[in-house]
Amino acid sequence: MKLKERMPLLSRHEGVWEGYYRYYSPDGEKIDEHRSRLLCRFPSDDVYHQTNFYYWPDGRKEVRDFPTRIENNKIIFYTEVQGWAAEVPLDDFHRTVMLYWVRTNEEDLHLYEMIQLSDCSKYRSRVWQWFKAGKLLQRTLIDEQFISNDWASYENIDSSFDQVAQF
């Protein structure tokens with residue numbers, strides 16, 4: 001069975017997403033904010049691949065690439081980020097994906113992420129909770145909107161902060 005058939009909610013995430021990442025201290029103080037463009041793609045029947053582009057107003061840019069493999073209806077991240085993503089079967093509305101991951105270069109740090117996809121599949125909201133040595137370190141709130149299902153046309157574009165959608 002093809003990956004999109006095994007993970008139908010995840011398949012609704014395929015395409016280009018743009019939005020904002022906002023980072024907060026445990027006390028609720030905003031500590032960073034930047035725009036983003038994510039390419040979520042299924043280049044073949046059994047592969048999911050994600051590339052994240054981050055843009056700051058001062059011109060800084062960062063790219064993070066996440067090839068994956070699939071095991072038991074979970075997406076497995078195995079590069080600089082190690083962990084998994086899976087649909088939540090208890091969600092009767094089929095809107096929720098959960099992730100757990102660690103960054104290999106940051107000792108004793110782990111994150112949980114929850115992604116909520118709107119019923120129309122045009123908007124999604126994500127929450128990261130970062131834990132260091134068992135204690136909440138920070139939270140990231142991510143608001144995104146769907147831009148295009150043609151992720152291939154965005155693969156080699158070098159955009160700037162001002163070229164990423166505002167909403």
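Rings of Phe, Tyr and Trp (its six-membered ring) pair here if their centres lie within 6.5 Å, with planes under 30 degrees apart counted as stacked, over 60 as edge-to-face and the rest as tilted. By that rule, ring pairs link Tyr21, Tyr23, Tyr54, Trp101, Trp128 and Trp130 into a cluster. Please keep in mind that this is a predicted model, where local features need pLDDT of at least 70, side-chain atom pairs count only at pLDDT 80 or more, and totals for chains, interfaces and linings use all residues. Residues are numbered from 1 along each chain as its sequence is written, and side-chain values use heavy atoms, with hydrogens and water left out.

**Aromatic pairs**

Searching the whole structure gives 11 aromatic pairs. Strands are DSSP runs (E, at least two residues), numbered from the N terminus.

Tyr23 also pairs with Trp130: the centres are 6.3 Å apart and the planes at 55°, so this pair is tilted. Here too distant parts of the chain are linked, with Tyr23 in strand β1 and Trp130 in strand β9, 107 residues apart.

| Residue | Relative accessibility | Class |
|---|---|---|
| Tyr23 | 11% | buried |
| Trp128 | 3% | buried |
| Trp130 | 4% | buried |

**Charges over rings**

A charge sits over a ring if NZ of Lys or CZ of Arg is within 6 Å of the ring centre and within 35 degrees of the ring normal. Arg60 lies over the face of Trp56, at 4.4 Å from the ring centre, and Arg124 is placed over the face of Trp17, at 4.3 Å.

**The largest pocket**

A pocket is an open set of points on a 1 Å grid where a 1.4 Å probe fits, with protein on both sides within 12 Å along at least five of seven lines; lining residues have an atom within 4 Å of a point. The largest pocket holds about 170 Å³ of space. Its lining includes Tyr23, Tyr54, Trp128 and Trp130, along with Trp56 and Arg64.

Key:
Buried < 20%, exposed > 50% of the residue type's maximum accessible area, 1.4 Å probe, protein only. Helix = DSSP H or I, 4+ residues; strand = E, 2+ residues; numbered from the N terminus. Points joined across faces, edges and corners; volume = space filled by probe spheres on them.
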